[in-house]
Amino acid sequence: MEAIRDFWQQWQQCFPPAPTFTEESLSRQDGRVFIVTGGNSGTGLALIKLLYPTGATIYMASRSRERAEAAIAAVVDEAATENENKPIESAGTITFMPLDLNDLTTIKSSAAFFASRESRLDILWNNAGIAGAPVGTKTAQGLEGHIGINCVAPLLLAQELAPLLRNAAVSSPPGATRVVWTGSLSIEAFSPLGGVDVALLDQLNREANGTQNDARDYGMSKAGNWFLAIEGARRWGSETTPGKGDALVNVAQNPGQIDTAAYRYRSELLMKFLKPTMYAPKMGAYTMLFAGLSPDVGLERNGAYVLPFGRLQEKCTRRDIVKAIEDGKAQEFWKWCEKVYESYI
């Protein structure tokens with residue numbers, strides 16, 4: 001029976017039930033401030049399109065100002081066209097935020113850019129990343145590309161923004177202030193034993209040869225994102241002072257098999273097989289929306305993992321990863337990331 005349940009859960013990650021938390025579920029978000037990394041394309045852009053009409057203040061964090069500003073203009077124009085009978089003043093604002101996760105030397109300045117403009121941050125969606133990058137891919141500091149861009153730099157960004165997240169939590173309902181990390185079915189399918197192999201990462205980074213096995217290294221980075229959500233929940237899920245109300249929620253989510261530029265490194269032959277199982281970016285955005293705004297996610301489910309297109313996972317099908325978490329692997333990986341970026345803070 002357990003094997004059947006595991007198979008069914010994996011099947012539903014490829015072919016999920018319809019979302020139940022959509023734009024129709026959203027209340028007004030006036031006064032709230034959001035960051036969506038990688039927001040100029042794919043699921044990040046689709047998420048911003050859902051958030052913009054709510055009145056939120058949104059920062060689109062990406063490397064290219066030109067691409068971001070073109071995306072922002074497209075969101076505004078599309079909203080105006082779709083809502084001709086509604087006053088455009090009811091919409092939110094979208095601002096470009098420079099962010100290059102490939103280079104650790106730039107992360108503090110990106111956080112400072114945001115802090116110079118806002119005194120609070122209600123939700124950080126860590127959406128940006130790379131997938132299936134070719135052999136040899138590495139960051140500006142020589143880190144294996146998937147781990148460096150998907151895990152190390154986003155954790156440094158979250159650490160730098162944590163005081164502003166705490167500020168928002170004080171004046172928000174419990175559990176409303178969140179950091180959302182991005183997982184993948186590749187955790188179950190391709191990550192090594194235990195999810196993250198720190199000894200292997202040390203070897204890859206020491207040799208500075210970059211990515212050596214794209215599926216394994218990507219899967220490991222996604223397991224790493226889940227570990228960071230779990231450890232973030234442990235570290236930040238309590239108030240700094242009893243009664244202050246500044247506890248934060250960390251949650252990981254698998255947006256689903258989404259047709260985005262993340263698959264740009266895959267062969268045409270493989271994509272012919274994958275395309276029938278893939279969904280439009282908006283469907284992945286519904287998963288992200290659930291992780292960030294659904295009342296089903298809160299302090300009582302801190303560190304949860306959200307399945308496509310907005311369902312709480314009850315049990316991971318990889319027992320070795322569950323055991324690794326129980327044995328403190330999430331804390332070990334968090335500390336490993338901190339050691340990697342300590343020279344850049």
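The model is predicted, so local features need pLDDT of at least 70 and side-chain atom pairs count only at pLDDT 80 or more, while totals for chains, interfaces and linings use all residues. Residues are numbered from 1 along each chain as its sequence is written, and side-chain values use heavy atoms, with hydrogens and water left out. The protein chain has 12 helices and 8 strands; helices (H or I, at least four residues) and strands (E, at least two) are DSSP runs, numbered from the N terminus.

**Overall shape and surface**

- Along the principal axes, the C-alpha atoms fill a box of roughly 55 × 45 × 45 Å.
- Of the 345 residues, 56% are buried. Buried means under 20% relative accessible area, exposed over 50%, and partly exposed in between (1.4 Å probe, protein chains only).
- The accessible surface comes to about 14700 Å², and carbon and sulfur atoms hold 53% of it. Areas come from the Shrake-Rupley method with a 1.4 Å probe; for residues, only the protein chains shown count as cover.
- Among contacts (heavy atoms within 4.5 Å) with a separation of 6 or more, 79% join residues 24 or more positions apart.
- The mean positions of the 34 positive and 38 negative charges are 2 Å apart. Lys and Arg count as positive and Asp and Glu as negative, with His and the chain ends not counted; each charge is placed at NZ of Lys, CZ of Arg, CG of Asp or CD of Glu.

**The sheet**

- The 8 strands of an open sheet run in the order β3-β2-β1-β4-β5-β6-β7-β8, with mixed pairing. Its edge strands, β3 (93-98) and β8 (311-312), each pair on one side only.
- Two strands pair if DSSP finds at least two bridges between them. β4 (residues 123-125) and β5 (residues 178-182) pair in the parallel sense over 3 bridges, and leucine 124 stands opposite valine 179 in β5.
- β5 is mostly covered, with 5 of its 5 residues buried. Arg178, Val180 and Thr182 point one way from this strand, and Val179 and Trp181 point the other way.

- Threonine 182 is in β5 and counts as buried at 9% relative accessibility. Leaving aside neighbours within four places in sequence, threonine 182 contacts Asn126, Asn127, Lys222, Asn225, Gln253 and Pro255.
- Threonine 182 and arginine 63 are 119 residues apart in sequence and 19 Å apart in space, C-alpha to C-alpha.
- Threonine 43 is in helix α2 (residues 42-51) and is buried, with a relative accessible area of 9%. Apart from neighbours within four places in sequence, its contacts are Asn127, Ile258, Thr260, Pro281, Gly284, Ala285 and Met288.

**Backbone details in loops**

- The peptide bond from proline 308 to phenylalanine 309 is cis, with omega near -15 degrees. Phenylalanine 309 is in the loop between β7 (305-307) and β8.
- Alanine 208 is not a glycine, yet has a positive phi of about 55 degrees. Alanine 208 lies in the loop between α7 (198-207) and α8 (214-236) and counts as partly exposed at 25% relative accessibility.
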